[in-house]
Amino acid sequence: YLLQRESDFITSSETSFESYLEFLKSSEDNVHKTTSALKIEKDLQAVDAEVAALNERLRAAKAAKAELQLQRSQFALQVHNSRVLQEQLNSKVNDLENEHNEYLDQIASMDDNMKIAVASYDRFKQINTLNDAFYVWYTGPFATINAFKLGNLVNKPVESTEINAALGQAALVLNIITSRCGIEFKQFHIVPMGSFAKILKADDRRTSYPLFIDAGSFSFFPKRNFNLALSGFMQCIHELGEYISAYDPTLSVPYKIEVSESKIADKSFVYGGDEEVWTHALKHMLANIKWIIAWYCKHGNY
């Protein structure tokens, strides 16, 4: 702005001097003879010098103005570029914020899914699948496993096929538990075979006893062999109870088994004697198995 004013001033002065010079030239012939021609020439030279100086100042002012205009244009370009860069940065920041928010949403969703999965896992852990697969209960005087009665009474007879099925289920569940826990019995091995389970001697696998009642057997000792199998099966239950007690001394099977006396909770489990006592003894046996299943469902993955 100052340069513009100076430039206008110089231009106005130049115009005034030029007018004055024309005035002097036009009035030169009319000057009185008393005016010195030398003085006029000197004044003209002074005026020419001042005009030249003003022209130089005007040129310098114009050059400075052009330089300032160039700098102003460059500055305006820089401001424009800065604004464009700022807009680009703002756009990128917005994109990053959007991506960040999306990631936060994904993480929150993953956390929710994880909580649901953990809750489902905890809920599934509470489900005793083995207890459901081998449901031990009772029906009147009989213990049952998967609804198969175990025992026999004169006034409430049970087919041998149903008894065999119940013993087969009991043999299978014990075999599953010991296999998963890596437990090996010392004296006998259980071989589940549906309704025709067997008990093998540990020191002689060729010797086996049928853990089922064979009503049509031609063997001279059908009851004897069955009782040997039942005694071996009780021995396996006893060993598994001792294993659990060793794992946790506060735990023990509810009914004590005395294999040497063929008794459980003072009830004889020998087949062929008092059927009511035998039925009661097998009810205690299935109660112990139910307790073992419950222990495994809670502690079997230790």
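Q: Is Arg59 buried, partly exposed or exposed?
A: Arg59 counts as partly exposed, because its relative accessibility is 49%. This is a predicted model, and the figure is computed from it.

Q: Which residue does Arg59 form a salt bridge with?
A: Glu56. The closest N and O atoms of the two are 2.6 Å apart.

Q: Where do Glu56 and Arg59 lie?
A: Both are in helix α2, residues 37-125. They are three residues apart, about one turn of the helix.

Q: And Glu56, buried or partly exposed?
A: Glu56 is partly exposed, with 42% relative accessibility.

Q: How many salt bridges does the count come to?
A: Three salt bridges. In general, side chains of opposite charge can pair when their charged atoms come close.

Q: What does Glu162 meet in a salt bridge?
A: The side chain of Lys149, at 3.9 Å from N to O. That pair links distant parts of the chain. Glu162 is in helix α4, residues 160-181, and Lys149 is in strand β3, residues 148-150. They are 13 residues apart.

Q: 3.9 Å, why does that count?
A: Because the cut-off for a salt bridge is 4 Å, and the N to O distance here is 3.9 Å.

Q: Accessibility of those two, Glu162 and Lys149?
A: Glu162 is partly exposed, with a relative accessible area of 22%. Lys149 is also partly exposed, at 26%.

Q: What about Asp204, which residue is its partner?
A: Arg206. The closest N and O atoms in that salt bridge are 3.5 Å apart. Asp204 is partly exposed at 25%, whereas Arg206 is exposed at 78%.

Q: Switching to strands. What does β5 pair with?
A: One partner is strand β4, residues 188-191, which runs antiparallel to β5, residues 198-201. Four bridges join β4 and β5. Strand β6, residues 204-210, also runs antiparallel to β5, again with four bridges.

Q: Which residues stand opposite each other?
A: Val191 stands opposite Lys198 in β5. On the β6 side, Leu200 stands opposite Ser208.

Q: How many residues sit between the strands in the β4 and β5 hairpin?
A: Six residues. Gly194 in this hairpin takes a positive phi near 65°. The hairpin that joins β5 to β6 goes through two residues.

Q: Now aromatics. How many pairs does the structure hold?
A: Six aromatic pairs. One of them is Phe226 with Tyr271, whose ring centres are 5.3 Å apart. Their planes are at 85°, so the pair is edge-to-face.

Q: Where in the chain are Phe226 and Tyr271?
A: They are in distant parts of the chain, 45 residues apart. Phe226 is in helix α5, residues 222-247, and Tyr271 is in the loop between β9, residues 267-268, and α6.

Q: Buried or exposed, for Phe226 and Tyr271?
A: Phe226 is buried, with a relative accessible area of 2%. Tyr271 counts as partly exposed at 24%.

Q: Which residues form an aromatic cluster?
A: Tyr135, Trp137 and Tyr138 form one aromatic cluster.

Q: What does Gln235 touch?
A: Leaving out residues up to four places away in sequence, Gln235 touches Gln187, Phe188 and Val259.

Q: Last one, Glu275. Where is that residue?
A: Glu275 is in helix α6, residues 275-299. At 30% relative accessibility, Glu275 is partly exposed.

Q: What is Glu275 in contact with, beyond its neighbours in sequence?
A: Asn152, Leu153 and Val154, leaving aside neighbours within four places. With Asn152 there is a polar contact between side chains, at 3.1 Å.

Q: How far apart are Glu275 and Asn152 along the chain?
A: 123 residues apart along the chain, with their C-alpha atoms separated by 6.0 Å.

Conventions: Residues are numbered from 1 along each chain as its sequence is written. This is a predicted model: local features need pLDDT of at least 70, side-chain atom pairs count only at pLDDT 80 or more; totals for chains, interfaces and linings use all residues. Side-chain values use heavy atoms; hydrogens and water are left out. Buried means under 20% relative accessible area, exposed over 50%, partly exposed in between (1.4 Å probe, protein chains only). Contact means heavy atoms within 4.5 Å. A polar contact is a pair of N or O atoms within 3.5 Å; within protein, one must be able to donate a hydrogen and the other to accept it, and residues adjacent in sequence count only if both atoms are side-chain atoms. Rings of Phe, Tyr and Trp (its six-membered ring) pair if their centres lie within 6.5 Å; planes under 30 degrees apart count as stacked, over 60 as edge-to-face and the rest as tilted. Two strands pair if DSSP finds at least two bridges between them.
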